[in-house]
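Please keep the 3D view open while reading.

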Amino acid sequence: MLRLAAVTREQLKMRFLFRSVRVAIALLPAVVCVGCTTPYTPDFAGMSASYAQTVEQYQINSVLMNIDRAAGQRPLSFLDIPSITGTGSVTNAPTVAAVFSNAVPGVTGVLAGSLASVTPGWTLTVGNSFNFTQSSLDNATFWTGFLTPISLDTAKFFSRHHLPKALIFTLLIDSIELKDPAGKAHFYYNNPELHSYHEFQEILHKLIRYGLDVDAVDIAVNNGPAKTEKELLDTYGKNYRSALMQSGIELRVISVGSQTKYQPVKFTKSYQLCLKTNEYRNFAQLEFDKTLFCEDPGPIDFGGDKKKSSFNLVLRSTRDIFDFLGQVVYVQNRAKDPLLLTVTPFETIANRKDGESRQHAILVVEKNASGPHFAAVRSLDGNKYSIPAENNGYSTQVMNLVSQLLTLNKVSGSVPPSPAVLIK
């Protein structure tokens, strides 16, 4: 009886002790975490930048993948990521680990020992969930623009001083028709797989030396029928000239029999491929008809009235540009007589690649190469094709130009509404 009472008193003593310990442990996280902040917070700017870089690389690789498909004469296919949505969460919970020792004989549970140590800590849980839609551009709306020849106003946008004209026109021009003074037509095709490709390059480079450019001209278009002055007064009032000029309309005096009438004319901007006069104008005038010049070339004309040559340039569609770049990749990596296509800039262009062995290459795509790369894809033949990060000529500028042309084809209706294919 006395022993039982002694044990009971010991248990009561331990219960009191451990109640005090429980209170201390319960209060410890609050004491430890006073003044603490979450050690990790979601960085919206960092996550946005990361996914922007991911989408950027996805788009670059998509362009290279389709160039590889064109090189293998396979069907092209384009996908787009129109939207990305996501959520991020961080859970930060304090924890305490207690160690007990000095077990009491005959006592089990939390009373089986005394408190030896207490270790505070944190449990950090980070979760991100992102969804994005992947839309196919393989539809009639997209492909109609994709197969349509590039307009001259678009060509004018790209033929600026920051890119060599030899590069721009090599990409945009599909063929050259040259008529000699006798009227016989000669055709030169922009296809590096042809044995006569050097002839196309020679003609194109000569035209560029002679000042080939896309020039804007004002074309007068009749705006309605010719009117007498009385009709103009009745329609527009006594200040009819000012009223018409505010609408961009000019009046041209014409004679209809014995009556004088006024033809309303509106000028619209149009573009043409022509030769701008430069230091080679004497040679250009001697060889080509004066109608091919952007402006009056001046009085110098060593050719007299004899017939001269003329030319007609056929522009590519965006699809044709992919086919051409596929040909560039094919001849560059073929087993027999590989050929790296280059262009010769005739104007002064700021070139960051000065001193590199391939500084004038149109597009550099290596097969199963190691080292850092600008873009890389795995082809159906199992080989890896990549654009090197260094010594790649005009590769990055060409990829940029092709991406812009693709964007111009993403008109209303060409990108399916979200969600198309939802990937989580």
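## A helix pair

H10 and H11 cross in the left-handed sense. Left-handed means that the near helix is turned anticlockwise from the far one by less than a right angle; clockwise would be right-handed. This is a predicted model: local features need pLDDT of at least 70, side-chain atom pairs count only at pLDDT 80 or more, and totals for chains, interfaces and linings use all residues. Residues are numbered from 1 along each chain as its sequence is written, and side-chain values use heavy atoms, leaving out hydrogens and water.

Helix H10 covers residues 318–333 and helix H11 residues 395–408. They pack at an angle of about 155°, with axes 10 Å apart. H10 is therefore roughly antiparallel to H11 (over 145 degrees counts as roughly antiparallel). Axes are lines fitted to C-alpha atoms, for helices over the stretch in contact, and angles run from 0 to 180 degrees between N-to-C directions. Helices (H or I, at least four residues) and strands (E, at least two) are DSSP runs, numbered from the N terminus.

From H10, Thr318, Ile321, Phe322 and Leu325 meet Val398, Val402, Leu405 and Leu406 of H11. Contact means heavy atoms within 4.5 Å. By class, this contact has 7 nonpolar residues, 1 polar and no charged ones.

## The three-stranded sheet

An open sheet of 3 strands has the order E4-E3-E8, with antiparallel pairing. Two strands pair if DSSP finds at least two bridges between them. Strands E4 (185–189) and E8 (310–315) are the edges, each pairing on one side only. The twist averages 20° from one strand to the next.

E3 (residues 173–179) pairs with E4 over 5 bridges. Lysine 179 stands opposite alanine 185 in E4. Helix H5 (residues 165–172) lies across E3 and E8, at about 95° to E3. Helix H6 (residues 197–209) lies across E3, E4 and E8, at about 80° to E3.

## A loop asparagine

Is asparagine 190 buried or exposed? Asparagine 190 is buried, with a relative accessible area of 3% (buried means under 20%, with a 1.4 Å probe and protein chains only). Asparagine 190 sits in the loop between E4 and H6. Its contacts include Thr170, Tyr197, Arg316 and Phe324, not counting residues up to four places away in sequence.

E5 (residues 212–222) and E7 (residues 259–275) pair antiparallel over 11 bridges. Valine 221 stands opposite lysine 266 in E7.

E6 (residues 249–256) runs antiparallel to E7, joined by 8 bridges. Here isoleucine 254 faces lysine 261 in E7. E6 and E7 form a hairpin with 2 residues between them. Glycine 257 in the turn has a positive phi of about 70°.

Note on methods
Parallel < 35°, antiparallel > 145°, perpendicular 65-115°, else oblique. Nonpolar A, V, L, I, M, F, W, Y, C, P; charged D, E, K, R; others polar. Buried < 20%, exposed > 50% of the residue type's maximum accessible area, 1.4 Å probe, protein only.
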